[in-house]
Amino acid sequence: AAPGGAGTRGGAGTGAHACLHSPLLGRRRREEAEEEVEETPQEKKLRLAKLYLEQLRQHGESRPARGRCPVGPPQALSPALTPRGSPAHIPLSLQVQPPDPASIRMLRGHQLPVTCLVISPDDRFIFSASKDGSLIKCKWEVESGKRLCVVPGGKKGTEERHMGHASQVLCMAISSDGKYLATGDRNKLIMIWDAASCKRLHIFTGHRDAVSGLSFRKGTHQLYSASHDRCVKVWDVAENAYVESLFGHQDVITGLDSLSRECCVTAGGRDGTVRLWKIPEESQLVFYGHQGSIDCIQLINEEHMVSGADDGSVALWGLTKKKPLALARQAHGMQDADGLQRPYWISAVAALRNSDLLATGSHSNSVKLWKCGEGFRKLEPL
């Protein structure tokens, strides 16, 4: 390991060769190379932002085409290249433009409400699932809008004989290499699929209530699942194996997310908590801030997350602080319900990874875009 590290670090064979004969000399050379590229977190953020904007200019995309906003930073800005504790904070909110109504396409096929969807890592395919019993899972081609695959459902108790789910599909996740797709249903089951062929590979059982959240750990085939039974389970999809269960929430878990680190975050519904689960340490951190049921959550980067609640609030969190760094109350305004003024609840949150751009959805029938202020201590509506 040491020779390889020296060789790849400096790009010179002499360091690797010397390291074969002297581990001390090899370590000194690596330390000297690291000192040469050392920079502060702020310098790192600025350099990455400039690199990204320069690449946009080179491709003629410094002003995104109308109806589009950048999907994310290029490969050079992946989280793996950002030092732990100082994730890139790319200011993409400045580039967002309103969508052109003519560019919006509608994909039709489900008979009942669509409950979840994911986009393949290469942006070529969309997988969607619904409450309906006949079209349980669809695979769509993004470019053409065509349905490529439909997996029909069956009656409860026939899941072993039929391909699809026999109850409402509530959540879905795809592995970062695009190989595996996972779906969870109201009947406590998790199904694992080959994303390319739509062939079902495994059925995971073990939850005692509806499966409400799924997330693959980035860069792995480790799967986290959350349930109304108030526990989180860890699975190894490649090995078709159950790993462990995590307990702590006092009410149904309503949302779950993870990134590269061996941990996940969950929204605890009416127990009023957000939790960070550290898998290797078998420990958890508990966060408080919302006044209502916390219904949705997503990580922005390895250090920050966003959550939404039915009290109408959106919260920005740092994973080292037990209270929100920023809290937007009545984020989608107020409604007149039975003569009472109540906030529109937040039903969905989304983050453009490693950027300052967030989105929230509400039963006010609207989606709002937000800018994270410097240090994630402000939420500014866009």
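Arg270 is exposed, its relative accessible area being 57% (exposed means over 50%, buried under 20%, partly exposed in between, with a 1.4 Å probe and protein chains only). The model is predicted: local features need pLDDT of at least 70, side-chain atom pairs count only at pLDDT 80 or more, and totals for chains, interfaces and linings use all residues. Residues are numbered from 1 along each chain as its sequence is written, and side-chain values use heavy atoms, without hydrogens and water.

There are four salt bridges in the structure, each a side-chain nitrogen of Lys or Arg within 4 Å of a carboxyl oxygen of Asp or Glu. The table gives three of them, including the one formed by Arg270.

| Pair | Closest N and O atoms |
|---|---|
| Arg270 – Asp310 | 2.5 Å |
| Arg261 – Glu303 | 2.9 Å |
| Arg353 – Asp257 | 3.1 Å |

Arg353, in the loop between β23 (346–351) and β24 (357–362), and Asp257, in strand β13 (residues 255–257), are 96 residues apart. Strands are DSSP runs (E, at least two residues), numbered from the N terminus. Arg353 is partly exposed at 26% relative accessibility, whereas Asp257 is buried at 7%. Likewise, Arg261 is partly exposed at 23% and Glu303 is buried at 14%.

Strand β9 (residues 211–216) has six of its six residues buried, so the rest of the structure largely encloses it. Five bridges join β9 to strand β10 (residues 222–227) in the antiparallel sense; pairing requires at least two DSSP bridges between two strands. Gly213 stands opposite Ala226 in β10. Five residues lie between the strands of this hairpin, where Gly219 takes a positive phi near 80°.

How values were computed: Helices (H or I, at least four residues) and strands (E, at least two) are DSSP runs, numbered from the N terminus.
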